[in-house]
Amino acid sequence: MPADRQRLDAAWTALAELGVTLADLQRDARPAVPTFDEYLPQVLAAAGPGALRAYRSYWQRMTTAWGGLAIDTVTASDIQALQRRIVANARARRNNRGGRHAGELLIAAARTFYNQAIADGLIEAADSPAHRVGKPRRLPSTRRALTPAELTDINQVARTTGNDTILDALLLRLHTETACRRAGALGLRLQDLDADRGLLLLREKGGTVRWQPISLDLAASLVQHAAVRGAVLPADPLLRYRNGNALTGRRYDELWRRIGRHLPWVAAQGVTAHWLRHTTLTWVEWHFGYGTARAYAGHTDTTGPATTTCIRANLQAVAAALAAMTGQPHPLAQPIDDDRVV
């Protein structure tokens, strides 16, 4: 039954006399607001692998600074002060930009933390202090496409130094052919390799999944690598150390440190596997256009100018670009017809 109007008016009058608003009642009905120490385990449990990798250390710094405080008591100025401390104490690397990236990550981490609190009904969206702090503008990347001579030198060092030159050479070839990210390579399973058709199933940034063409030579090398190093079940990791353990990111770190010791310019410029991605995509764009490079990179059409939704390339176009780059025919490659839209 609908509430009696006279009773509602009387209730509103009583609340007004007490100085209580509807917002006050709703706030009291919400769960008790936890402290940073109490809430961090929930945030960690809800975060995906990418968020954990990027933000865990910043969430821990937040709890170190405010561990005993309720999460709704921290202000925007508190977050700005922590940001300044993190920027000032950022580790000096060769590609350091005065701690700017660390400051940006702190704000992103704080926003993610408070987004979870909003989703859990602990605070209102308008009450998040992290969303009242502006993120520093991201500077252009210093990465660039490697020259053919530079790429040759890098491969030569990888193939002639270290304790597992077969693995290192395979990694460099994989990244050069596919332009995949490091996480995409580390996430490969045996069932992700279609050797007959020259395809790899890549799972990468933002949960994207795509089939990426590879040369049949690389496919055969991956089959042999998996067989020799103990990948048997479909879900077994594809890339492995000589002892059969699954490859980890440490191999990349050690590989580029070693290459940097032999090629000082690699260390000076902070070259990593991501530079191989830039190199391949630049070549593809120069020779096959923006649409094919976009598909080769695995970029989606969910952001950017509206015209990008009309600039698409199919798997056959990507395979054709790969065949031209490697000089090896690919079973899915089709001649590019300039008179048709792909």
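Mentor: Let's start with helix 5, whose buried residues are A76, I79, L82, Q83 and I86. Buried means under 20% relative accessible area and exposed over 50%, with partly exposed in between (1.4 Å probe, protein chains only). Seen down the axis, those buried residues fall within an arc of 125°, so they line one face of the helix; the arc is that of the directions from the helix axis to the C-beta atoms.

Trainee: Which exposed residues does the face turned away from the buried side of helix 5 carry?

Mentor: R84 and A88. Keep in mind that this is a predicted model, where local features need pLDDT of at least 70, side-chain atom pairs count only at pLDDT 80 or more, and totals for chains, interfaces and linings use all residues. Residues are numbered from 1 along each chain as its sequence is written, and side-chain values use heavy atoms, leaving out hydrogens and water.

Trainee: How many aromatic pairs are there?

Mentor: Rings of Phe, Tyr and Trp (its six-membered ring) pair if their centres lie within 6.5 Å; planes under 30 degrees apart count as stacked, over 60 as edge-to-face and the rest as tilted. By that rule the count is seven. Take F36 and F113: their ring centres are 5.3 Å apart and their planes at 20°, so the pair is stacked.

Trainee: And F36, buried or exposed?

Mentor: Buried, because its relative accessibility is 0%. F113 also counts as buried, at 0%.

Note on methods
Helix = DSSP H or I, 4+ residues; strand = E, 2+ residues; numbered from the N terminus.
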